[in-house]
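Reader: I am new to this structure. Please show me how to read it, feature by feature.

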Amino acid sequence: MSTDIQTPRSGKIGSGKIAPQYRRGTGSKGNFEMFAWLFMRLSGVVLVVLIFGHLFVNLMVGEGIHGIDFGFVAGKWADPFWQFWDLAMLWLAMLHGTNGVRTIINDYAEKDATRLWLKVVLYAATVVIVVLGTLVIFTFNPCPVVNGVQLPGGFCPAP
Amino acid sequence: MSAELAEPASKIELPAHIGGGGEIPTFNITLRVRRYNPEVSEEPVWEDHQLTMYGTDRVLDALHKIKWEIDGSLSFRRSCAHGVCGSDAMRINGRNRLACKTLLKDLDTSKPITVEPIKGLPVEKDLIVDMEPFFQSFREVMPFLINKGHEPTKERLQSVEDRERFDDTTKCILCAACTSSCPVFWTDGQYFGPAAIVNAHRFIFDSRDDAGDMRLEILNDKEGVWRCRTTFNCSEACPRGIQVTQAIAEVKQAILARKI
């Protein structure tokens, strides 16, 4: 007598009368969820450093909170170090937050259509904010000249 | 002593002050049971029963009292009634427990004690749920020894340390208290669930087993270990005290270690 052990996921084992909402899709292999999980942990640790560094430099160093104005931001973004710092903060915070909301949608949206549309809105918002933020960090010009007129800014060099 | 009297329980006459069964304190409780009968109504209803119970009684004894003395239509699963078979997991006062391991005196008897079927699985009648989705996930992780080597003529020896590695997860009785306490499972029931992962853990970390990689691959699914949000509901619900969330975390780490 031979023992026939059926391969898992064949769906033939047991009574086979599992309600459809409990059936798992057969596709979706790959390691995306693993990397998403890993990214949350790593980006979280890096963000703690980036955000508290950001808060310390902005609110504690020098004149502290009273020193923050347009010129302060312009000065920071003139330095490639702070450009990179803010860029890393923007990207990591946005991807970290987006992935968090993605998992919440996966956990709580009950209908496939609801889940799809919530994710479309989420990803669209993420792309807009990340692209816009990146553009601002790299193309920021504190002393724009509009129609030949220098906009006010005490720190700008005379035209 | 008359001749008609049945055989006495004890030949020794105990003096009254030593006491016996009568000394167990009694108290009145209200048991609020969630009743569901699809042949009568699609809507489940709460039903209250006033019962006088003993200090040694468990929730299961109260359910028996209802079923045997008041309303025989009450349906629930129980088999061994001693916390081993895992049949009578239910939601008692909002927490998943075994009815046979929960003493009434440990609950707040001044308020009605609520008894509901475990959440997230389709209710069939009263406290009975369809366990098939739960067992399907259990089967999919292949909860049996797979050894590729030659079959030994003696038992497969294992060191005490190797046995200790997965000792905690051998305690599972498949009562579904953990899986049906998991909020991720409540939503869509696609998640493999803590119980399946615990039983995979039992073989993944068994030095005699050769199919750990296959099980890790199965649990690397979209609906596998990565859906765990570490809410610890499962660890709190487990009537055997298995550190379920820790077992899930160990499986996560094993998958990461294998992939990276």
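Author: We will take a helix, then cysteines, then salt bridges. This is a predicted model, where local features need pLDDT of at least 70, side-chain atom pairs count only at pLDDT 80 or more, and totals for chains, interfaces and linings use all residues. Residues are numbered from 1 along each chain as its sequence is written, chains are lettered from A and ligands numbered from 1 in the order in which they are written, and side-chain values use heavy atoms, with hydrogens and water left out.

Reader: How far does helix H4 of chain A reach from its first C-alpha to its last?

Author: Helices here are DSSP runs (H or I, at least four residues), numbered from the N terminus. The expected span is 1.5 Å times one less than the number of residues. H4 of chain A covers residues 112-139, 28 residues in total. Its reach is 40 Å, close to the 40 Å expected.

Reader: Which residues of H4(A) are buried?

Author: Buried means under 20% relative accessible area, exposed over 50%, and partly exposed in between (1.4 Å probe, protein chains only). An α-helix has 3.6 residues a turn, so residues three or four places apart point the same way. In H4(A) the buried ones are Arg115(A), Lys119(A), Leu122(A), Thr126(A), Val130(A), Gly133(A), Thr134(A) and Ile137(A).

Reader: What covers the buried residues of H4(A)?

Author: The cover includes helices H2 (70-77) and H3 (80-108) of chain A. Helix H4 (183-188) of chain B is also part of it.

Reader: How many disulfides does the structure hold?

Author: A disulfide is a pair of cysteine sulfur atoms within 2.5 Å. The structure holds zero, over all chains. Take Cys80(B): its nearest cysteine sulfur, that of Cys85(B), is 3.7 Å away. For Cys100(B), the nearest is that of Cys80(B), 5.6 Å away. Cys80(B) is partly exposed at 29% relative accessibility, while Cys100(B) is buried at 7%.

Reader: Are Glu223(B) and Arg227(B), another pair, buried or exposed?

Author: Both are buried. Their side chains meet in a salt bridge of 2.9 Å, N to O. They also belong to a network of salt bridges with Asp107(A), Lys222(B) and Arg229(B).

Methods: Helix = DSSP H or I, 4+ residues; strand = E, 2+ residues; numbered from the N terminus. Contact = heavy atoms within 4.5 Å. Salt bridge = Lys/Arg side-chain N within 4 Å of Asp/Glu carboxyl O.
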